[in-house]
Structure formats: structure tokens, C-alpha cells
Amino acid sequence: TIMEGREENDAQSDLHSLFYFIDKESDADATCPVFLERILHPYRSNCCNNLFSSLVLKNKEKIPSCPICRDEPFDLRHDMLFQIKVNSLKVQCNKCCWIGKLEIFLKDHINNQCLFEKVACPGCQQRVQRAKLEVHKTKDCSKRPFVCRYCSKASTYEDITEHDIVLCAEKIVPCPNKCGNEDIQHKRLKEHIDQCPHATLQCEYDFAGCKYTTLRNKKHLMEHHNDIMVDEHR
């Protein structure tokens, strides 16, 4: 049943990987007999006076009796004197050169100061190094504020991109027929194409298989085609 608490142990294991102790030998050095890791938050049993990590306390419902002496009930109390000793130990951050007391590392350095620690972007929730967070928020975050350059609609970058590229009615686009008009509002594109001199006209008998086409600005050729091919079309 103790092993079922291993998932809850992951966070503590990750915490141990963030720093190492500079004080190699200390009377505050104790290993949890259950989770086999150095104790950062000490709890002492009322029965046999052994030290355990806070993970044992979190999994206490799965541990009815003391893992050492098997006494019941298995009660734990926070050992404040030992905690003071642990908090005072010198550690070095594994991600930068910071050195200081463990208490300061846990409460402040890793949560607020370490530039190499990955933190969640408040917008897109992607984890990036703290040193790169501000650049990410302004240049890479998919949730960063963005304003459409055509209609000034305000939204986020991920939402405005499709609007900007495809949907915006005010967007300026060139004529797809390459007639030379490069400044057509997207909302007026169909109207332009219906009148565009470079639009392709198909023979009125294309449904019967005639493949003849010409441009609208050469409409007279289509009329001539229809006149001379009328019998064949029939």
C-alpha cells in the first residue's frame, strides 16, 4: 500500500532534483525510511520517535501502523527544531550559481528568482525559462494581444491570425485574375470579379463539352465564336 503513494512522491522527487546540498555532513541529514529520500519537511512518530518525510503524512491513510515499530495508531508531529536545522542548510541551485539557505531557496529563489527555472506563461500556459518569459509573452505566445491591421479588431494572436489572413472583410487583396488591381477590399472581391476585364468567360455551351474560353475584355471573340459555331453547338 505504501507504493501506491509513489505518484504523490513525484513532486518531492522533482524538488530534490532542483538543488544539491553544500553541507555534506550535518546533524540535519536524515533519510525517510519509507520513501528513501533526504527529509526536507520532518515529521516524528509518537511511538518510536523516528523521523519521516511529509510524504508519509500525506499517505498516512494508507499506512495504518508505524513502518518501523508497527505500533498503532501511527501518529506524526512536525519536528520544528529539526525543521529549523534543515532550513538553515546551504544549498546550490542546479540551474544557476545561486547559493543560500534551503528555506530561502524553497520559498523564494526557485519560485521567483531563478532565471533558468521554467514557468508557465500566464497566457498560453507553455512552460518557458523565466529569463525568456517576457520575450515569449510579446513575440511567441499564441494568446498575446493582437490587433487586425485592416479593421482594428482586437483579439489574441491565435484568433486574429485566421481572421487576418482569411476572414477580415476589410482586408486588402489583389485581383486573383491579375488584372493589375492590387487594392480590393475582401468584402468587394466578388463584385470586382464579376466585372473584372481579365475574368475568364466560357462558351455558353460548355455544358455540352465546348472548351472555348476567352477574357471578358475580349468578349467580342466569344460572341464571334458563338456566331460561327452555333450550328456545331446544336
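## Sheet E3-E2-E4

Three strands make up an open sheet, ordered E3-E2-E4, with antiparallel pairing. Strand E3 (51-52) and strand E4 (76-78) are the edge strands, and each pairs on one side only. Strands here are DSSP runs of E with at least two residues, helices are runs of H or I with at least four, and both are numbered from the N terminus. Two strands count as paired if DSSP finds at least two bridges between them.

Strand E2 (residues 43-45) is joined to E4 by three bridges, and the two run antiparallel.

## Basis of the model

This is a predicted model, in which local features need pLDDT of at least 70, side-chain atom pairs count only at pLDDT 80 or more, and totals for chains, interfaces and linings use all residues. Residues are numbered from 1 along each chain as its sequence is written, and side-chain values use heavy atoms, with hydrogens and water left out.

## Sheet E1-E5-E6

Another open sheet of three strands has the order E1-E5-E6, again with antiparallel pairing. E1 and E6 stand at its edges with a single partner strand each, so one side of each has no neighbour in the sheet. Neighbouring strands are turned by 35 degrees against each other on average, direction ignored. Axes are lines fitted to C-alpha atoms, for helices over the stretch in contact; angles run from 0 to 180 degrees between N-to-C directions.

Strand E1 (residues 19-21) pairs with strand E5 (residues 90-93) over three antiparallel bridges. Phe19 is bridged to Cys93 in E5. Three bridges also join E5 to strand E6 (residues 99-101) in the antiparallel sense. Lys90 has Lys101 as its bridge partner in E6, and Val91 stands opposite Gly100. E5 and E6 form a hairpin, with five residues between them.

Helix H4 (residues 102-113) lies across E1, E5 and E6 and runs at about 100 degrees to E6. The largest nonpolar core has 32 residues; Phe19, Val56, Leu102 and Phe105 touch the most other members. At least two residues of this core come from each of E1, E3, helix H2 (54-58), helix H3 (80-87), E5 and H4. H4 gives the largest share, four residues. A nonpolar core is a set of buried Ala, Val, Leu, Ile, Met, Phe, Trp, Tyr and Cys residues joined through side-chain atoms within 4.5 Å.

Phe19 touches Leu40, Val91, Gln92, Cys93, Asn94, Leu102 and Phe105, leaving aside residues up to four places away in sequence. Contact means heavy atoms within 4.5 Å. A second, separate core has six residues, including Val173, Cys175, Leu189 and Cys196.

## Cysteines

A disulfide is a covalent bond between the sulfur atoms of two cysteines. The rule used here asks for a pair of cysteine sulfur atoms within 2.5 Å. By this rule the count is zero.

Cys48 is in no disulfide: its nearest cysteine sulfur, that of Cys66, is 3.6 Å away. Cys48 is partly exposed, at 26% relative accessibility. The sulfur of Cys196 has its closest cysteine sulfur in Cys175, at 3.6 Å, too far for a bond. Cys196 is buried, with a relative accessible area of 0%. Buried means under 20% relative accessible area, exposed over 50%, and partly exposed in between (1.4 Å probe, protein chains only).
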